[in-house]
Amino acid sequence: MKTAVYPGSFDPITKGHLNIIERAARLFDHVTVCVMVNSDKSPMFTLQERKDLLRKSTAHLPNVSVDAFGGLLANYARDHECCTIIKGLRAGSDFEKEFQMAMINRKLNPNLESLFLTAEHQYMYLSSSAVKEMSYYGADVSDFLPEEIIEDFIKRMNQIANNKEANP
Ligand code: ADP
């Protein structure tokens, strides 16, 4: 069975992420989308919320599951018998960082391949942080988020805006 893991912060999942997940699901028997715990970032959604939003958005894909992990991805892949790491490549800026990560992961686990899927042109410049920033300043971001999560996203963004207003 060919299995792959697609790691990221997914804070929250965007249509760019979903496009990569759908394409990976066609290439592999099973794809695990893995929310990586990154202590450097202060996320908009908790780990559990990010997993729930991913599950809602991928419910139509029977061979996709969602997990979370706080250690080294190479170890996660080894322990879960995943042979491939999936990464989405946007504009050139992703390349250097991802190339370095692929080298490191291969060194840590020589059986592990990194597979890069190029971003769909309409999502080339899309990131979770861009969506959050646009929405914070009042832009409509419904073209960029999976339909299933738009309500949750707007609700949380309103809470954040109200908190800021109460505690400027
Ligand atoms: P970000 O916070 O920048 O959206 P994540 O850590 O959640 O990034 O991204 C996880 C993976 O998804 C990375 O491999 C990243 O390059 C990829 N990715 C993010 N956004 C897109 C997109 N719009 N199109 C294709 N791949 C993407």
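This is a predicted model: local features need pLDDT of at least 70, side-chain atom pairs count only at pLDDT 80 or more; totals for chains, interfaces and linings use all residues.
Residues are numbered from 1 along each chain as its sequence is written. Local features need pLDDT of at least 70 and side-chain atom pairs pLDDT 80 or more, totals for chains, interfaces and linings use all residues, and side-chain values use heavy atoms, without hydrogens and water.

**Exercise 1.** Describe the shell around the ligand and the ligand's polar contacts with the backbone.

*Solution.* 
1. Locate them. Helices (H or I, at least four residues) and strands (E, at least two) are DSSP runs, numbered from the N terminus.
2. Find the polar contacts (here, N or O atoms within 3.5 Å). A ligand nitrogen is 2.8 Å from a polar backbone atom of Y123. For L126, a polar backbone atom is 3.0 Å from a ligand nitrogen. A ligand oxygen lies 3.1 Å from a backbone N or O atom of S128.
3. Check the cover. Alone, the ligand exposes 550 Å², and the protein buries 89% of that (Shrake-Rupley method, 1.4 Å probe).

**Exercise 2.** Work out the strand order of the sheet and identify its edges.

*Solution.* 
1. Trace the pairing (at least two DSSP bridges between strands). The open sheet has five strands in the order β3-β2-β1-β4-β5, with parallel pairing.
2. Look for strands that pair on one side only. These edge strands are β3 (64-69) and β5 (113-118).
3. Inspect one pair. β1 and β2 (residues 30-36) run parallel over six bridges. G8 stands opposite V35 in β2.

Definitions and conventions:
A polar contact is a pair of N or O atoms within 3.5 Å; within protein, one must be able to donate a hydrogen and the other to accept it, and residues adjacent in sequence count only if both atoms are side-chain atoms.
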